Amino acid sequence: MFAYLPSSYADLKGLGDDVIASHNGNPRVLALVAVAIGIVLAALIQQLTGYFTETGRRPVRDIGKASLTGPATVVLSGISIGLESAVYSAVLIALGVYGAFLLGGTSIMLALFAVALARHRSADDRGRDRRHGHLRAGLRQRAGHRRDVR
């Protein structure tokens with residue numbers, strides 16, 4: 001990133017003179033802060049999703065307790081906890097996008113660039129695979145299956 005961005009806003013092509021005049025400093029810092037927002041966002045979402053899918057945590061235990069009363073309560077409990085986790089994730093994403101957007105100041109072009117950088121860093125497929133692995137392991141454990149260890 002530092003190799004591709006110039007050291008001043010005046011050296012950026014495609015920005016209007018009003019944007020260049022209103023922004024002092026180094027565009028590399030804007031990019032660095034936007035990437036940091038994306039990394040923090042990814043870490044927070046990973047922790048939040050881990051909380052809602054790990055077998056030792058309250059949400060999964062509550063769904064297990066609901067299974068004692070019948071299948072309908074399991075479905076309703078699972079849907080409600082799933083929606084609850086989605087709300088918290090959406091709030092975190094909205095805060096991350098808003099924070100990155102504020103980095104652009106008065107320039108829509110710089111604000112969207114910062115949002116794109118933050119989004120790029122928060123797209124962590126390894127974290128998603130890890131979270132789904134916790135869920136699969138919990139389901140196997142609840143079903144009484146054991147994983148073969150070789």
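This section describes helix packing, salt bridges and the surroundings of one serine in a predicted model.

Helix α2 (residues 27-53) packs with α4 at an angle of about 170°, and the two axes are 10 Å apart. Helix α2 is therefore roughly antiparallel to α4, since angles over 145 degrees fall in that class. On the α2 side, the contact involves L30, V33, A34, I37, L41, L44, I45, L48 and F52. The α4 residues that they meet are I81, E84, S85, Y88, S89, L92, I93, G96, G99, A100 and L103. By residue class, the contact of α2 with α4 comprises 15 nonpolar, four polar and one charged.

The model contains two salt bridges. One links the side chains of R57 and E54, with an N to O distance of 3.5 Å. Both partners are partly exposed: R57 has a relative accessible area of 37%, and E54 has a relative accessibility of 23%. In the other, D62 pairs with R58, and the closest N and O atoms are 2.9 Å apart. D62 and R58 lie four residues apart in helix α3 (residues 58-66), so about one helical turn separates them. D62 is partly exposed at a relative accessible area of 26%, as is R58 at 36%.

D62 also takes part in a contact with S77, a residue of helix α4 (residues 71-103). Beyond residues up to four places away in sequence, S77 touches D62, I63 and A66. The relative accessibility of S77 is 13%, and S77 is classed as buried because this value is under 20%.

Technical notes
Residues are numbered from 1 along each chain as its sequence is written. This is a predicted model: local features need pLDDT of at least 70, side-chain atom pairs count only at pLDDT 80 or more; totals for chains, interfaces and linings use all residues. Side-chain values use heavy atoms; hydrogens and water are left out. Helices (H or I, at least four residues) and strands (E, at least two) are DSSP runs, numbered from the N terminus. Buried means under 20% relative accessible area, exposed over 50%, partly exposed in between (1.4 Å probe, protein chains only). Contact means heavy atoms within 4.5 Å. Axes are lines fitted to C-alpha atoms, for helices over the stretch in contact, and angles run from 0 to 180 degrees between N-to-C directions. Angles under 35 degrees count as roughly parallel, over 145 as roughly antiparallel, 65 to 115 as roughly perpendicular and the rest as oblique. Ala, Val, Leu, Ile, Met, Phe, Trp, Tyr, Cys and Pro count as nonpolar, Asp, Glu, Lys and Arg as charged, and the others, Gly among them, as polar. A salt bridge is a side-chain nitrogen of Lys or Arg within 4 Å of a carboxyl oxygen of Asp or Glu.
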